[in-house]
Amino acid sequence: HFVFGTSFSALNLTSASVTVLSTMNSTVYRFCDANFIDVHDTTNGFTNDAQHSISDATSTSNTHVHDHSHHTATPWMVLLLFLTPYITTLIFALPRTNIGSKTYVVSVIHRLSGINTLMLPLGLMLYEAVYQQHAHIFLYLCAVSSTVINCIFGALLIPKRIHAFDIPTIRAFVVGVMLGLSFVCLSLNFRFGHLESFENIGRVLAVFSLIGLAYAINDAVQHTYRFLTGPKLQAQIDFGFFFPSKNAHEVGLDYRYPSLWEAFVECCYKQPTDYTAMSLATVTPSNFPVVYTVTLTALFGLANLMQIHYLKCGHQGMEYRNEIFPKITQMSAYGWLLAATANNFGTFAGTLVVKRVVCTFWGAFFNAVGLLIPVCNILFFMYRFNEEESMIASTLFTQCNAI
């Protein structure tokens, strides 16, 4: 309008021309204004639609992000609930770690490595659960080393602390050593099994895991058989609330100590010469608490059957497992290390029974509580991620590749 007006003044048009042009001008303005309104309204319509679409997309995205964040965020109260067995074992175990010799080097190393074994794997497990990534390899290897050292030095103590006549107790500690190392082997294969350069070592570890499982099953079968067929002595029917009623000399047994070969090989199949006399003096009679504990231990050890998949498929199978179940595979490296912790705690509870700090019943009870540590860890994982990855499908996984 300003442009038209300026042009008319500059040309000194006549009144009539101005009138005509003004009329035309107003018509043009009305036309332009009308079209401007239409275009403006249409543009506003497109703009509003776009804004609504962007707003909806942003809202949807925010909802997904919020849902994902809510899904993967660490539920601390639930985690604390699942940590209850672990806290219970610490309260029970730590005040009693002063048992054993304070000067014998093997005993001291076994004690210190045992304390580290109780603490380090849980720290790694918490780190993985919170940050959803692998812990630093140095910390992982420290935890592995502590567990392995604890098992090896515990094995060296067996011929120094348990008499040769007490075959069930020797078997129990041998199972503790072998199964603890078996879980470490399982953890290592979940951590490094996808590497081709690790495959030969991984296969050896897989075989060792299966041997450890065989030890646990053998012990459970022998105790169950004796419980069902053996003489019903007081030690077998008192639920383990009392210590042995006789010592070795009173029932004609001697206090000779076994060799490592006897402990780890012969005691797997050897039977006591006088089973009744041995039952009166042993701290591990085949009563209900013992049968219950060794059966749970054997069932717990069945997890080592997953090593068959590695023997069959090698590193390629572990790569494919990691593709299908990335979260479970990552968690398992620390979860099975925590299982070794639980197993070693059960062995420690057995040591307290041998030292007569607690009776067989309470030793078996806290052993069972210790076994709940990895079980609760798995349940906590399933609580968070079972909709994404199936724990059962991962456990039963047998494929080597996608073909």
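Over the ring of which residue does the charged end of Arg226 sit? In this predicted model, the charged end of Arg226 sits over the ring of Tyr275, at 4.1 Å from its centre.

**Aromatic pairs**

| Pair | Arrangement | Centre to centre | Angle between planes |
|---|---|---|---|
| Tyr127 and Tyr131 | tilted | 4.9 Å | 40° |
| Phe288 and Tyr292 | stacked | 6.1 Å | 20° |

Tyr127 and Tyr131 are separated by about one helical turn because they are 4 residues apart in helix α5 (residues 105-131). Tyr127 counts as partly exposed at 30% relative accessibility, and Tyr131, with a relative accessible area of 53%, is exposed. Phe288 and Tyr292 both lie in helix α12, 4 residues apart, which is about one turn of the helix; Phe288 is partly exposed, with a relative accessible area of 44%, and Tyr292 is partly exposed at 42%.

**The largest pocket**

Helix α12 (288-301) also supplies at least two residues of the lining of the largest pocket, as do α14 (326-354), α15 (360-385) and α16 (391-395). This pocket has a volume of about 510 Å³, and of the 25 residues that line it, the closest to its centre are Phe300, Ala303, Trp336, Val375 and Ile378. The largest share of the lining, 8 residues, comes from α15, and the lining as a whole divides into 20 nonpolar, 5 polar and no charged residues.

Definitions and conventions: Residues numbered from 1 in each chain as written. Predicted model: local features only at pLDDT ≥ 70, side-chain atom pairs only at ≥ 80, totals over all residues. Heavy atoms only, no water. 1 Å grid on protein atoms, 1.4 Å probe; cavity = no way out; pocket = protein on both sides within 12 Å on 5 of 7 lines; lining within 4 Å. Points joined across faces, edges and corners; volume = space filled by probe spheres on them. Nonpolar A, V, L, I, M, F, W, Y, C, P; charged D, E, K, R; others polar. Phe/Tyr/Trp six-rings, centres within 6.5 Å; stacked < 30°, edge-to-face > 60°. Buried < 20%, exposed > 50% of the residue type's maximum accessible area, 1.4 Å probe, protein only. Lys NZ or Arg CZ within 6 Å of the ring centre and 35° of its normal.
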